[in-house]
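Below it you'll find a few exercises, each with a worked solution.

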Amino acid sequence: MSELRFDELRGEQVAYAIHRQDRTFLPTREHCPLCPTRPGGPSSEIPFPAFEIAVFENRFPAFEVPRGAAEVVVYTDDHDASFGTLAPSRAEDLMWVWRQRYCELAAREDVEYVMIFENRGVEVGVTLHHPHGQIYGFPFVPPVPALELAADARLGGCAPCALLHRELEDRTRIVCENDAVVAFVPYAARWAYEVHVSMREHRPSLRECDAAELRLLASALQTLIRGYDALFERPFPYVMVLHQAPTGASGQATGPAGAGGGHVHVEFYPPLRSATKLKYLAGSEQGAGTFISDTLPEQSAATLREAIARAA
Amino acid sequence: LDTTPSPSSVTAGASPWRKHRASGAPASANRGYTLGDMAPNPAPPPSERAPGEEAPQERLEHCGPLTLARHAKDDGRALILFRHAATAADEATPSAGERR
């Protein structure tokens with residue numbers, strides 16, 4: 001069972017899940033726990049010989065009932081695939097899975113915030129290579145979404161809507177877009193190739209997205225990830241996080257009037273600042289909370305546009 | 001759960017969630033239920049079945065173009081398999097050979 005402790009100095013929760021110390025760490029391909037259980041083969045987390053998309057409760061949860069949830073989302077039974085190489089229809093299906101899990105977890109009394117995310121690459125601490133993401137059902141609203149709600153209040157409306165409007169006027173940082181979704185390097189990006197993929201229309205969560213929007217969100221995410229992989233001609237490590245409205249009892253009422261308290265957007269935090277160099281969180285980032293970047297967002301956006309064109 | 005896309009339902013200032021807990025859960029476990037409890041008809045793990053008891057029929061739900069089937073793993077953890085409805089329909093339809 002995890003334990004939460006409140007850090008008075010930083011005003012934030014810290015979760016202790018000491019059982020995770022023993023979680024499966026980079027197993028051999030033959031013992032991948034996310035592959036299907038094939039006849040005569042070792043048993044895995046999914047006791048079926050084939051599957052499309054599977055979701056299960058994490059064996060080593062950071063949060064668990066009665067204080068939250070931790071789930072694993074396996075995108076495919078193909079060990080060698082990735083989000084970017086999924087068939088477009090499978091990527092679209094994944095959006096529906098995310099939506100279903102958000103809605104179901106949101107309805108739980110012990111879940112205040114649903115975070116859907118993917119860690120890709122050993123550079124960000126991945127312990128299983130099989131293509132998968134995770135879902136945390138936080139029993140509280142964590143600091144980052146709380147800051148987004150504060151930004152709504154500061155700007156007097158939906159902050160992601162306002163920022164998207166600014167990007168669409170400026171256009172220098174946009175990397176790709178379609179009828180429903182715009183992807184851009186944010187004005188104050190912290191990571192060299194950070195990208196936010198935002199819904200054009202105000203949608204607090206995937207629940208309010210229609211089928212076409214889900215399809216176009218999947219398409220934009222795949223376009224970006226393929227561009228990432230083309231950038232340095234290698235699988236590009238990243239942390240990908242879907243931001244949606246908090247799901248507490250007060251729900252969207254936590255946002256300012258008219259803001260909605262959430263806007264669907266996916267943020268990518270890639271640790272690479274060049275083909276061979278990682279950005280480390282060191283003195284200024286850890287001790288002061290101020291990122292120091294070596295790359296201007298406008299330059300990164302131009303480089304990413306070229307990579308996306310190469311990957312198309 | 002409403003799984004129908006509804007952009008028109010975007011409203012500010014109101015929570016869309018009707019929070020609930022597992023039916024039959026004691027008040028002391030107000031916040032305590034699992035993903036499996038949420039399932040309308042979760043199958044008990046094999047280890048909890050009586051000798052000779054058959055696995056209950058799985059109950060399919062729908063989510064957009066997907067069907068989902070809920071299972072319970074041997075250790076009680078919940079597992080949901082999502083399938084594209086077209087795939088499931090294809091497999092449910094007997095092949096020409098089977099029909100013969």
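Predicted model: local features only at pLDDT ≥ 70, side-chain atom pairs only at ≥ 80, totals over all residues.

Residues are numbered from 1 along each chain as its sequence is written, chains are lettered from A and ligands numbered from 1 in the order in which they are written, and side-chain values use heavy atoms, with hydrogens and water left out.

**Exercise 1. Sort two ring pairs: A:Tyr136 with A:Phe138, and A:Tyr228 with A:Phe236.**

Step 1: Rings of Phe, Tyr and Trp (its six-membered ring) pair if their centres lie within 6.5 Å; planes under 30 degrees apart are stacked, over 60 edge-to-face, and the rest tilted.

Step 2: the structure holds 16 aromatic pairs over all chains. In one of them, A:Tyr136 and A:Phe138 have ring centres 5.9 Å apart and planes at 70°, so this pair is edge-to-face.

Step 3: for A:Tyr228 and A:Phe236 the centres are 4.5 Å apart and the planes sit at 10°, so that pair is stacked.

Step 4: follow the rings onward. A:Tyr228 and A:Phe236 belong to a cluster linked by ring pairs, together with A:Tyr193, A:Phe232, A:Tyr238 and A:Phe268.

**Exercise 2. Work out how enclosed strand 5 of chain A is, and find its partners.**

Step 1: strands (E, at least two residues) and helices (H or I, at least four) are DSSP runs, numbered from the N terminus. Buried means under 20% relative accessible area, exposed over 50%, and partly exposed in between (1.4 Å probe, protein chains only).

Step 2: seven of the eight residues of strand 5 (residues 113-120) are buried, so the rest of the structure largely encloses it.

Step 3: two strands pair if DSSP finds at least two bridges between them. Strand 5 runs antiparallel to strand 6 (residues 132-138) of chain A over five bridges, with A:Val114 opposite A:Gly137.

Step 4: strand 5 also pairs with strand 10 (residues 238-243) of chain A, antiparallel over five bridges, and here A:Ile116 stands opposite A:Leu242.

**Exercise 3. Which residues touch the most other members of the largest nonpolar core?**

Step 1: a nonpolar core is a set of buried Ala, Val, Leu, Ile, Met, Phe, Trp, Tyr and Cys residues joined through side-chain atoms within 4.5 Å.

Step 2: among its 63 residues, the answer is A:Phe83, A:Trp98, A:Val175, A:Val197 and A:Phe268. Helix 4 (residues 211-231) of chain A gives the most to this core, with eleven residues.
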